Amino acid sequence: STAMAAGSPPPPPPPPPHFVLVPLVAQGHIIPLVDLARLLAARGARATVVTTPLNVDRLRGVAEQAARAGLPLEFVGLPFPPAGSGLPQDCQNADMVADNSQFLPFFFALRELAGPFDAYVRSLAPRPSCIISDWCSPWTAGVASSLGIPRLFFHGPSCFFALCEIMAVDHGLLELIAAAGDDERHLVPGMPVPVTVTKATPPGLFCYPGTELLRREAMEAMRTADGAVLNTFSDLEAQFLEGYEAALGKPVWALGPLSLCNRDEDSTTSRGKTAVDGKQAIMAWLDEQAPGSVVYVSFGSVARKLPKQLFEIGHGLEDSGRSFLWVVKEREAAAPEVREWLDALEARTAGRGLVVRGWAPQLAVLSHRAVGGFVTHCGWNSVLESIAHGVPVVTWPHFSDQFLNERLVVDVLGVGVPVGVASPVMIFDDESAPVARGDIARAVSALMGGGAEADERRRKAKEYGEKARRAMEEGGSSYENLTRLIQSFTRSEDKEH
Ligand code: UDP
């Protein structure tokens, strides 16, 4: 420029904005926010993830990779659980909650992180540019407002769910549902497509008895936030994003699929925590299978099944005749009779069936060409990871937002086959086994088989997968949204004056 030619030095670049991210301490919330933190750091911002000591431990692999790559990304562990909560010391993540009786104490103990969080943020100089905290962590709101720090909320489910939720609240639908009979179906008002819900599948989080206060606080923190961050992308949910931004009356940043920031083996296998030993064996087994022939079966990080439901799944997969890779949690496979049963199943289905016991490298599996379908509980991360890799799904929702995620996947996007459940199970170790082997065999056969419908699902999934990839590349909608988000929190000379 002429100014430079005349010899005056260019103004120093503004300091990078500092984002402090506070996920709910559950894998389905930590994983996408850690992905976002890595993206922010890779794109020139500074990022700090605030969680608890045990979760910091689990994320050591991610921290080490970031350090090797020179990314300004750090992890902070606030002390938890608080004294007097009655929770065991290791109960620091939803997947460590031992049973349903610990569920509420766990959520109420989390509210007490407000004090330590306040002290931590006050210790930072300069103050962070922006706090991005989970919709389920409304205790961060007071800290942000008392220090005058802008706050965005991260909402974990689909935008379709988020819009149903805000419409339901704005139109008093939750009260209506509560007063109505069990069998009544209710149309969610204000949705661009028809959506019906029941008492068993209400359009909201924290709709369980005892969670009313948590729900009120979360709604309030949503209303007072400066905007929303969602893990979705414009080509997938444009109509719902538009509606959500209008209903919320503040900016909604669609930044996903966040999982696509994991491009190498190191990062796909250390998401959330380090995957089971034998990851090489899993990938080698997949290498031997024909393209698109394997159905991957996993129900996220939280839901736990008792043996009788596990056995139905096993039989269903065996009866389907398809190749399968099934993830069974450590706790589910703890009993010797379950371990023996799984060994016997593997022996009967040798060559076409593999059972992973523990934390699977889900992203690496979904990105393998052998995988042609996914039986999922419809946690939004799993659904979006599947779509991002062009893999259609069998939908088996378990609780909370998962039922509406199913409606999006089946009715709107056309990439899912429902297994056919209409009501939720208890979060941990439900006594009922609502899905029988026949349901599983039928849904898996429909998903993996031939025919016009199956082909159409595969075609659509593939198309969304390509659009997802483009959204995250330079020039793509999510990529450019992130650019604008970072810019809007970069202190320029103009803004300071
Ligand atoms: N996940 C994984 N390995 C497992 C189970 C889950 O990597 O064995 C990851 C999965 O890829 C996803 C997250 O854990 O990113 C689960 O989130 P989701 O929203 O699907 O379900 P939730 O656990 O919240 O019910």
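Modeller: The radius of gyration is taken here over C-alpha atoms, and the globule rule is 2.2 Å times the number of residues to the power 0.38. The model we are discussing is a predicted one.

Colleague: What makes the radius of gyration of the chain agree with that of a compact globule?

Modeller: For 497 residues the rule gives a radius near 23 Å, and because the chain itself has 23 Å, the two agree. Along its principal axes the C-alpha trace spans about 80 × 55 × 45 Å, and 58% of the 497 residues count as buried. Among the contacts with a separation of 6 or more, 72% are accounted for by residues 24 or more positions apart.

Colleague: How do you know that Thr 395 is buried?

Modeller: A residue is called buried when its relative accessible area is under 20%; Thr 395 has 0%, and is therefore buried. Thr 395 is found in strand β14, which covers residues 393–395, and, leaving aside residues up to four places away in sequence, Thr 395 touches Thr 376, Cys 378, Glu 406, Val 409, Val 410, Val 417, Pro 418 and Val 419.

Colleague: Why are helices α8 and α10 called roughly perpendicular to each other?

Modeller: Helix α8 (residues 159–170) and helix α10 (residues 212–224) pack at an angle of about 100°, with their axes 13 Å apart. Angles of 65 to 115 degrees count as roughly perpendicular, and α8 and α10 are therefore described in that way. Where the two helices meet, Glu 165, Ile 166, Val 169 and Asp 170 in α8 face Arg 215, Met 219, Met 222 and Arg 223 in α10 in contact.

Colleague: What makes strands β5 and β8 a pair?

Modeller: Pairing requires at least two bridges between the strands, and four bridges join β5 (residues 151–155) to β8 (residues 227–230), the two strands running parallel. Within this pair, Leu 152 stands opposite Gly 227 in β8.

Colleague: In what order do the strands of the open sheet follow one another, and which of them are called edge strands?

Modeller: The open sheet has seven strands in the order β3-β2-β1-β4-β5-β8-β9, with parallel pairing. Strands β3 (73–77) and β9 (252–254) each pair on one side only, and these are the edge strands. On average, neighbouring strands of this sheet are turned by 25° against each other, direction ignored.

Colleague: How many helices and strands does the chain have?

Modeller: The chain has 22 helices and 15 strands.

Note on methods. Residues numbered from 1 in each chain as written. Predicted model: local features only at pLDDT ≥ 70, side-chain atom pairs only at ≥ 80, totals over all residues. Heavy atoms only, no water. Axes fitted to C-alpha atoms, helices over the stretch in contact; angles between N-to-C directions. Buried < 20%, exposed > 50% of the residue type's maximum accessible area, 1.4 Å probe, protein only. Contact = heavy atoms within 4.5 Å. Parallel < 35°, antiparallel > 145°, perpendicular 65-115°, else oblique.
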